[in-house]
Amino acid sequence: MRPRVVVTLVSASLLLLGAAPGDGDSSPLPTRMADTGGGTQLITAEASALSSTSGTLTWWERRDGAWAKVGSAEARFGAKGLVEGVKRQQGTNTTPTGLYDLPFGFGLQAAPAGTSVEYRAVTANSWWCQDNDSASYNRWVEPLPSDCRAAEAEKLSSYGTQYAYALVIGFNYDKPVRGRGAGIFLHVNGAGATAGCVSVPEDAMRRILQWADPGKAPHMAIGTVDGDTALTRY
């Protein structure tokens with residue numbers, strides 16, 4: 001009987017060696033990620049593939065040393081899907097993958113009760129400059145500066161539904177690279193896929209704003225289930 005035992009053990013070893021890391025792992029997604037931003041709050045936006053225009057957005061909080069799911073909602077991505085953030089090009093209607101901070105919130109509606117993140121009220125003079133030739137590239141401006149063409153900027157008050165509530169995603173924000181893209185937000189759903197932002201139902205956006213705590217350094221990770229842009233790689 002010994003030879004059969006050896007064969008069985010060898011077969012089992014080969015199966016274990018062939019298993020992909022994380023297969024069957026039911027631990028919370030943030031636990032399996034390479035980096036969560038160093039804080040205790042995290043938003044994940046996960047798509048099944050780069051070509052996807054929808055997926056799932058989940059917000060998490062680290063409690064007693066473990067990540068816990070706080071809430072989730074269906075998410076929408078760019079009309080042309082997603083792309084690795086460092087390879088993204090402006091005007092491609094793609095959502096950039098990666099791990100980002102959340103500089104501040106804004107909206108046409110008043111901040112939901114309990115909001116503690118910086119929240120800017122949108123006025124008729126509020127714009128987001130996307131002009132590659134402007135010193136204000138990828139910045140909130142009020143009013144529109146002379147070096148930022150209106151045709152290359154978003155008048156925020158023109159998007160009454162989408163920008164009722166929003167959070168700035170820190171893509172290409174700290175040190176903007178011209179041509180990579182500007183004005184990437186987490187905002188309320190419009191009629192369909194986005195121009196590169198991530199959107200969720202209005203109720204979810206309100207709950208996220210009430211939950212996000214700047215003292216807990218919230219970040220947002222955007223990616224796919226697997227592959228080079230898998231959320232677990234960020």
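Predicted model: local features only at pLDDT ≥ 70, side-chain atom pairs only at ≥ 80, totals over all residues.

Residues are numbered from 1 along each chain as its sequence is written, and side-chain values use heavy atoms, with hydrogens and water left out.

**Entry 1: salt bridges**

I searched the whole structure and found five salt bridges. R149 sits in the loop between strand 9 and strand 10 and D133 in the loop between strand 8 and strand 9, so the pair ties together parts that are 16 residues apart in sequence. For accessibility I use these classes: buried is under 20% relative accessible area, exposed is over 50%, and partly exposed lies in between (1.4 Å probe, protein chains only). D133 is exposed at 65%, and R149 is partly exposed at 47%. I also noted that a network of salt bridges links D131, D133 and R149.

Next I looked at K216 and E61, whose side chains form a salt bridge at 2.5 Å, N to O. K216 is in the loop between helix 2 (202-211) and strand 14 (219-224) and E61 is in strand 2, so this contact ties together parts that are 155 residues apart in sequence.

Then I checked helix 2. R207 forms a salt bridge with D203, the closest N and O atoms being 3.1 Å apart. The two residues are four apart in helix 2, so about one helical turn separates them. R207 is partly exposed at 35%, and D203 is partly exposed at 47%.

**Entry 2: strands**

I counted two helices and 14 strands in the protein. Both are DSSP runs numbered from the N terminus: helices are H or I with at least four residues, strands are E with at least two. Two strands pair if DSSP finds at least two bridges between them.

Strand 2 (residues 54-63) and strand 3 (residues 66-76) run antiparallel, joined by ten bridges. R62 stands opposite W67 in strand 3. The two strands make a hairpin with two residues between them, and D64 in the turn has a positive phi of about 50 degrees.

I then went to an open sheet of three strands, in the order 9-8-10, with antiparallel pairing. Strand 9 (139-141) and strand 10 (153-155) are at the edges with a single partner strand each, so one side of each has no neighbour in the sheet. Strand 8 (residues 127-129) is joined to strand 10 by three bridges, and W128 stands opposite E154 there.

**Entry 3: whole protein**

How many of the 234 residues count as buried? The share is 44%. With a contact meaning heavy atoms within 4.5 Å, residues 24 or more positions apart account for 61% of the contacts with a separation of 6 or more.

Notes. Salt bridge = Lys/Arg side-chain N within 4 Å of Asp/Glu carboxyl O.
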